[in-house]
Amino acid sequence: MSTRSLSKGCFVFKPSPKKRKVSRTTADYFREGNSDLEDSELRFATCQSLQKQVKSETEQIEEELNEQLFDNLVSFLRRSHSAFQEKTTEWTCRMKSREIPTAALVLGVNVTDHDFTFRSLSEVLQNNVTPYIALLEAKDCPGIKNLMQKLLGQLMNCCIDVDSSEEEDYEQVSRNRVRCSMTSLINWYESATKRTDSETPGKKRTSSRHWQSPPVVVIFKDMESFTTKVLQDFVVISSQHIGQFPLVLIFGIATSPMIIHSLLPHSVSSLLCIELFQSLSCKDHLSTIIDKVLLTTQFPLKLSEKVLQVLINIFLYHDFSVQNFIKGFQLCIVEHFHSNPLSILCCQLEEAKRRVNSLSHNQCENVRRLPSFRRYVESQVSEKQIALLTADSSLKEAVRKLLEDLNVYHENYFPILRCLHVFVSSLPKYPLGKQIRELHCACLENRVWETEEYESSLQLARMLNKSDLVTMLQKCVEILVSSPGREFDEIVEKLKEFLTQFQKLEEAFQERDESISPQKELQKKTNLFHLQKTLLELKESRRSKKLTKFETLRFEVVDYIDSLVRCYLVPADHKTLHEIVYFNTASVLREHLNAAPRIALHTALNNPYSYLKSEALKSDGGSISNKAPDICIAYKLHLECGRLINLVDWLEAFSTVVTAAEGPTADAASSDQVDDVIQYPFSFLSQIWHSTAYRISVRFLECSFLCTDKQLQEENKTTNLSSLNVMKMSQEWIT
């Protein structure tokens with residue numbers, strides 16, 4: 001195809017269909033590095049199935065947590081809408097003051113979770129209240145004109161349930177032809193509601209779930225980011241037309257409701273009828289997710305103590321985002337199934353037993369290499385050891401038994417963990433933590449009964465009063481009764497026996513005749529001999545320190561709970577085959593979720609092959625390849641210099657490296673004059689700008705290479721700037 005033309009133009013060459021690369025699927029990336037294709041496909045299918053289960057469960061939990069909040073918002077909209085529809089006195093009074101019903105929705109500082117909350121809220125309102133909903137963000141609304149365009153655009157494109165006959169009569173109004181004003185919005189709303197109300201009585205109304213004359217809900221997702229002028233203008237304009245159509249505002253607030261009065265003056269905020277709504281705390285949200293997703297036997301994959309601690313630390317010290325925590329857990333699922341060949345057994349128990357029968361010899365060898373299985377083999381007799389190490393059938397039989405034991409361990413572990421949390425969560429100073437996740441990490445890390453915090457908790461538990469102790473025992477009975485554990489019948493009977501004994505002590509105390517204590521006898525009139533005898537009895541009783549029946553029973557309860565902890569809360573890494581169901585590679589997770597930008601930038605600039613994977617970028621040691629990107633060449637030359645760098649030398653060294661492959665023609669060129677293309681501002685200027693360590697270098701390059709600013713040309717008559725002048729200019733620029 002010829003590109004000659006009388007006029008300059010842009011010529012497009014479409015690639016041949018035969019040369020087009022076939023797009024790779026997620027399964028193709030998952031299978032990279034896996035030698036056994038059938039094994040990788042099974043692992044990928046299991047991973048996808050588990051991902052879907054986790055996503056479905058977390059979404060259901062979040063819906064349940066937000067249900068009360070959304071119900072309150074719907075009730076608020078119903079009150080506002082009924083007042084508008086019925087034209088009551090309250091609404092008339094409100095109309096005189098031109099107040100707009102406004103919901104201040106405080107969601108917290110976990111801004112990354114707000115999108116999911118607003119999407120869920122929008123779905124609830126669209127399904128039950130109104131189809132006219134607009135979600136506005138500050139980045140799309142720098143001015144009142146942009147806000148009105150965005151508002152009208154979303155409202156006019158919203159889906160309205162009408163009959164097919166009405167769809168034919170309906171003409172979509174292009175927002176480009178509509179003048180974006182409040183009058184246009186009112187006219188559109190009147191026409192839209194008339195179209196919906198003009199249905200024939202014989203036809204079934206498809207939009208019956210929506211209210212009659214549904215309100216227009218405008219949601220400001222990030223109110224703090226909106227400019228004051230935009231909010232003021234919109235509120236003032238809307239208040240002047242609030243009597244012509246029902247408008248409701250929802251302010252998404254991340255900090256405090258006082259931000260409304262900070263952004264809006266009193267003359268504007270007085271036009272809003274504000275009602276406050278508070279969402280669930282992100283910490284409570286996280287505790288619920290951990291309790292219902294991680295601390296159950298519903299999902300076969302478990303997290304080790306270090307991995308769970310990484311996710312919790314990122315949540316507490318970075319973003320408070322529950323969505324990011326869930327994504328981190330999903331990343332753990334992918335990493336576990338991708339890196340662990342035996343993850344095909346990380347599934348439900350019955351399915352895992354069936355997969356054990358189809359294990360190949362190589363997979364059996366992978367089982368034999370597990371450290372926990374090696375310890376198990378060493379604990380067996382010699383004949384059993386030989387069978388496990390040589391016969392695959394004996395190995396498969398042992399693996400089935402061990403997987404069943406591991407499943408029973410988890411069924412017993414989580415209920416006993418919750419029982420222990422009931423006892424330690426109300427102790428002074430919380431020696432083992434206030435949240436169950438802290439107790440869970442302590443139990444996974446080592447034998448919790450060997451720690452000082454546990455001993456301190458036992459001492460405090462031995463001083464609990466009767467009412468607290470009875471309440472804790474009742475909660476433990478409820479937990480164990482509702483758990484799927486097979487060994488809890490005897491434990492429940494024992495705890496009920498303790499409760500019965502406490503009840504008998506209470507009845508005996510109430511029915512006991514009030515006998516006169518020695519202290520009361522001292523108050524009576526008595527002689528010297530009787531007084532001396534009474535004092536000796538008091539002294540003797542204090543020396544003996546005889547425990548009461550309640551104290552004895554309290555000690556028995558605490559000792560029994562201690563025995564349950566020592567029996568069932570053994571760390572997971574002490575169990576055989578725990579590597580199959582536990583993801584413990586915390587370093588990989590930390591590298592993905594909590595990476596160090598400085599190290600990543602240095603690696604990318606110093607060794608671009610590590611990211612680009614191009615064979616032409618491979619270099620030996622400290623050599624510099626001219627095939628590398630300009631930014632990498634300049635960076636490696638920069639590393640060869642000391643504290644100060646001469647910009648002319650830097651430019652000449654860069655030119656030498658770039659033109660190294662041109663041969664003798666490059667040497668023939670004048671060394672005093674550098675090619676304009678090479679001297680042109682490097683493409684790495686904008687990238688270096690984001691690195692604090694090289695901001696000064698950017699200014700150096702701008703001053704020496706560009707020289708397009710007249711002021712710089714006047715200040716620097718020559719392009720060969722000395723290091724001293726450059727440092728001085730950079731210091732002035734920084735200040």
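With which residue does R566 form a salt bridge, and how far apart are the closest N and O atoms?

Modeller: R566 forms a salt bridge with D562, and their closest N and O atoms are 3.1 Å apart. A salt bridge here is a side-chain nitrogen of Lys or Arg within 4 Å of a carboxyl oxygen of Asp or Glu. This is a predicted model, in which local features need pLDDT of at least 70 and side-chain atom pairs count only at pLDDT 80 or more, while totals for chains, interfaces and linings use all residues. Residues are numbered from 1 along each chain as its sequence is written, and side-chain values use heavy atoms, with hydrogens and water left out.

R566 and D562 both belong to helix α25 (residues 549-568), where they sit 4 residues apart, about one turn of the helix. Helices (H or I, at least four residues) and strands (E, at least two) are DSSP runs, numbered from the N terminus. R566 is partly exposed, at 38% relative accessible area, whereas D562 counts as buried, at 12%. Buried means under 20% relative accessible area, exposed over 50%, and partly exposed in between (1.4 Å probe, protein chains only).

K221 is buried, with a relative accessible area of 14%, and E137 is partly exposed, with 24%.

The whole structure holds 16 salt bridges. Another of them joins D39 to R43, with the closest N and O atoms 3.3 Å apart. D39 and R43 are 4 residues apart in helix α2, about one turn of the helix, and both are buried.

Five strands form an open sheet in the order β2-β3-β4-β1-β5, with parallel pairing; two strands pair if DSSP finds at least two bridges between them. β2 (133-136) and β5 are the edge strands, each with a single partner, so one side of each lacks a neighbour in the sheet. From one strand to the next, the twist averages 20°. Helix α4 (residues 114-128) packs on the sheet and touches β1, β2, β3 (216-220) and β4, with its direction at about 165° to that of β2. Helix α8 (residues 228-240) lies across β1, β3, β4 and β5 and runs at about 145° to β1. Contact means heavy atoms within 4.5 Å; axes are lines fitted to C-alpha atoms, for helices over the stretch in contact, and angles run from 0 to 180 degrees between N-to-C directions.

Within this sheet, β1 (residues 100-106) has 7 of its 7 residues buried, so the strand is largely enclosed by the rest of the structure. On one side of β1 the buried residues are I100, T102, A104 and V106, and on the other P101, A103 and L105. β1 runs parallel to β5, joined by 7 bridges, and A103 stands opposite E275 in β5. β1 also runs parallel to β4 (residues 247-253), joined by 5 bridges, and L105 stands opposite G252 in β4.

β5 also takes part in an aromatic contact. There are 14 aromatic pairs in the structure. One is F76 with F277, edge-to-face at 5.7 Å centre to centre and 70° between the planes. F76 lies in helix α2 (residues 37-86) and F277 in β5 (residues 272-278), so this pair ties together parts that are 201 residues apart in sequence. F76 is buried at 4% relative accessible area, and F277 is buried at 6%. F220 and F226 form an edge-to-face pair as well, at 5.1 Å and 75°, and both residues are buried. Y132, W188, Y189 and F245 are linked into a cluster by ring pairs. Rings of Phe, Tyr and Trp (its six-membered ring) pair if their centres lie within 6.5 Å; planes under 30 degrees apart are stacked, over 60 edge-to-face, and the rest tilted.

For the protein as a whole, there are 37 helices and 7 strands, and 42% of the 735 residues are buried.
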